[in-house]
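Have a look at the model first.

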Amino acid sequence: MLNIYDLTKNYGSFTAVNHLSLHIPEGDLFGFVGPNGAGKTTTIRMVCGLLKASSGSVQIGNISARMGSKEMKRLIGYVPDFFGVYDNLKVHEYMDFYGSMYGMRSRDIAKLTDDLLELVNLSDKKEFYVDTLSRGMKQRLCVARALLHNPKLLILDEPSSGLDPRARVEMKELLKNLHSMGKTIVISSHILSELSEMCTSIGIMNRGQLIMAGRIEDIMQQVTGGRRIHIQAASGLDTAVRLLMEQAGVVVESVRENEIIITNNGTDEQASALIGQLIQHQVVLTGFYREEGSLESLFMQLTGGGVQ
Amino acid sequence: MKIRWNPIVKKDLQVTARSMRFSWGLFAYDAVLVMAFLLALAVIQANSDNYYSDSNIYGNLIYLFPVLAVAQVMIVALIAPIITASSISGEKERQTFDIMLTTCMSPFSIVLGKVVSAVLRILFFVAAGMPVMALSFVVGGLSWASLLYFVLAIILLSVLSGSIGILCSSFCRRSITAVVLSFAIYFVIYVLTFVPMILSLLWTEGDSAGESMLFLLFNPGVFFEEFFMQIMTGVSLFGTEGSMFSTGDVGFLTYYLSQGKTWMFLSAACILILSILFMIVAAWRVNPMNTSGGIKRKKAKMAKG
């Protein structure tokens with residue numbers, strides 16, 4: 001659905017996005033992850049035609065038009081991180097305004113507005129002034145607005161920032177709902193747990209470069225492939241450390257008061273053999289477990305701990 | 001065929017019509033006009049020997065028109081850039097401009113929509129001032145056609161002022177900066193267009209302004225002076241003895257343009273072209289594909305430095 005080829009953005013000698021190439025299949029819910037200044041928003045703004053790219057191109061579906069052209073804009077629904085409102089404009093008037101900007105007829109907009117407001121659970125707010133809505137409601141209204149012209153691709157730039165927990169859950173449910181309807185969605189966020197729960201694929205950016213991208217299952221498998229093991233002991237910690245350092249394929253990462261963290265590249269059988277050896281050497285084990293692979297840990301590894 | 005409104009015009013008028021500030025603005029505008037009317041009437045009365053028997057008073061009452069018209073022109077010239085200077089920078093401040101740019105509307109349609117909505121809002125003011133203006137026509141002895149021409153001239157002025165405002169708004173992120181810049185451009189158009197004429201007169205020791213007068217075609221102040229002259233006396237300001245514009249030997253083109261109403265119409269065309277030029281520049285400026293993100297570049301430099 002979305003193909004980005006060699007996208008680059010330079011500000012003088014500073015490169016914000018460095019030769020980014022990415023393919024997002026149709027119907028995907030793609031999460032864009034990266035620390036502040038990684039280039040996520042810059043990439044999104046270039047795709048949406050809000051920023052001129054230094055080089056590179058974008059293709060949506062089969063359409064390969066100039067970024068910022070009418071053809072491209074018609075294919076994209078954009079939800080920015082901050083939702084600005086007009087005073088004295090009602091919810092349905094707000095929808096009518098943006099629908100008209102896509103050249104839609106008022107009659108069609110009115111019908112779609114009803115459906116979309118129902119989708120985002122704002123049907124009862126149709127006659128309300130937009131500036132009286134809560135932030136969460138405004139964000140959902142913004143999603144409804146972005147869907148008004150039935151875009152092929154929905155792009156959300158940190159839609160959950162500044163939302164309270166309830167509004168975040170509602171937003172997550174809304175995005176899951178849209179995904180189940182077959183919409184291709186690109187979402188950038190800092191809330192990694194949320195992304196890992198709902199995204200089908202992710203891309204991790206750091207310092208303007210895409211350092212990893214793919215299906216979330218494949219990526220999580222890579223994380224669990226790290227084989228990080230936590231060993232907790234009531235006594236004999238020094239003996240345990242000495243013993244572990246002698247083992248082939250075992251790297252002692254850190255030693256705390258009662259805990260040793262190791263990386264074991266061996267098999268599960270080798271790991272269980274380690275337990276036997278530790279007990280044989282009088283180490284009183286109180287815990288021995290493999291760390292669950294999480295997006296957070298992968299993100300920390302890849303970005304050098306630059307999580308926000 | 002159904003006429004499709006520019007959505008920005010519709011939205012801006014909707015938002016404006018519900019604003020109390022706009023209602024108070026109309027009230028203040030009418031109050032200023034009424035005060036100008038009463039003041040002018042009092043001055044005319046004071047200059048007449050006998051208010052009830054002096055037949056010259058009717059001749060003097062004709063001056064109600066220029067007094068009110070000039071007051072109206074000055075107010076419009078003042079408020080038009082204020083309205084438009086905040087139109088794009090206001091959208092940027094509210095962070096609604098990015099969403100606008102992601103829609104199918106072209107940057108020129110956005111700019112045009114903003115200028116048209118500003119012109120229509122100004123027309124609200126003009127319409128609100130119409131009863132006061134009509135008084136000057138009833139007692140001033142001018143034709144209703146003159147009033148119509150005046151409204152057209154006001155529209156022309158509001159298009160120019162609006163396009164200046166939108167131009168500045170497209171270059172500035174903050175509304176207040178855009179307003180200040182608008183008045184700086186006003187200074188160039190209203191004052192600095194006199195400089196070539198003054199320099200020519202100084203160079204020729206007052207003998208000839210030559211074709212340097214042609215710069216004044218772009219000056220709305222001179223346009224309105226010519227407009228009032230034509231309406232009230234039927235002759236051109238440039239051909240009137242004693243007028244500062246007729247001093248010295250003007251060039252061939254300027255002489256030709258001063259015949260009949262040629263200067264007035266050509267000046268109107270020049271002002272309109274200037275306005276369109278300002279709108280094109282503003283549209284070019286707001287198109288993200290024409291800029292490379294200067295503000296971010298500055299930030300990047302600062303971050304590096």
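This is a predicted model: local features need pLDDT of at least 70, side-chain atom pairs count only at pLDDT 80 or more; totals for chains, interfaces and linings use all residues.

What follows covers the interface, the salt bridges and a nonpolar surface patch.

Residues are numbered from 1 along each chain as its sequence is written, chains are lettered from A and ligands numbered from 1 in the order in which they are written, and side-chain values use heavy atoms, with hydrogens and water left out.

**The A–B interface**

- Chain A brings 42 residues to the contact and chain B brings 30, where contact means heavy atoms within 4.5 Å.
- About 3,300 Å² is buried between chain A and chain B, with carbon and sulfur atoms giving 61% of it; buried area is the accessible area (1.4 Å probe) that two parts lose on being put together, summed over both.
- On the chain A side, Tyr11(A), Tyr86(A) and Met101(A) lose the most area to chain B, and together they make up 20% of what that side buries.
- Polar contacts across the interface of chain A and chain B come to 8 residue pairs, both residues at pLDDT 80 or more (a pair of N or O atoms within 3.5 Å; within protein, one must be able to donate a hydrogen and the other to accept it, and residues adjacent in sequence count only if both atoms are side-chain atoms).
- β1 (2-11), α1, α2 (70-75), α3 and α5 (135-147) of chain A each supply at least two residues of the side that touches chain B; helices (H or I, at least four residues) and strands (E, at least two) are DSSP runs, numbered from the N terminus.
- The most comes from α3(A), with 6 residues on the side of chain A that touches chain B.

**Salt bridges between the chains**

- The whole structure holds 15 salt bridges over all chains, and 3 are between chain A and chain B; the rule is a side-chain nitrogen of Lys or Arg within 4 Å of a carboxyl oxygen of Asp or Glu.
- Arg45(A) and Asp98(B) form one of them, at 2.7 Å from N to O, running from helix α1 (residues 40-47) of chain A to helix α6 (residues 97-101) of chain B.
- Arg45(A) counts as buried at 17% relative accessibility, while Asp98(B) is partly exposed at 22% (buried is under 20% relative accessible area, exposed over 50%, partly exposed in between; 1.4 Å probe, protein chains only).
- Glu93(A) and Arg18(B) also pair up, at 2.6 Å from N to O, linking helix α3 (residues 91-101) of chain A to the loop between α1 (7-17) and α2 (20-46) of chain B.
- Glu93(A) is buried at 9%, and Arg18(B) is partly exposed at 30%.

**Inside chain B**

- Lys114(B) bridges to Asp12(B), with their closest N and O atoms 3.3 Å apart.
- Lys114(B) sits in helix α7 (residues 107-140) and Asp12(B) in helix α1, so the pair ties together parts 102 residues apart in sequence.
- Both Lys114(B) and Asp12(B) are buried.
- A network of salt bridges links Lys11(B), Asp12(B), Glu91(B), Arg94(B), Lys114(B) and Arg121(B).

**The nonpolar patch**

- α10(B) gives the largest share of this surface patch, 4 residues, and α9 (175-190) and α10 (195-203) of chain B each supply at least two.
- One of its members is Phe187(B), which lies in helix α9 of chain B and is partly exposed at 47%.

Methods
Patches are made of residues with over 30% relative accessible area and no salt bridge: like charges are joined within 9 Å, nonpolar side chains (Val, Leu, Ile, Met, Phe, Trp, Tyr) within 5 Å. Accessible areas come from the Shrake-Rupley method with a 1.4 Å probe; for residues, only the protein chains shown count as cover.
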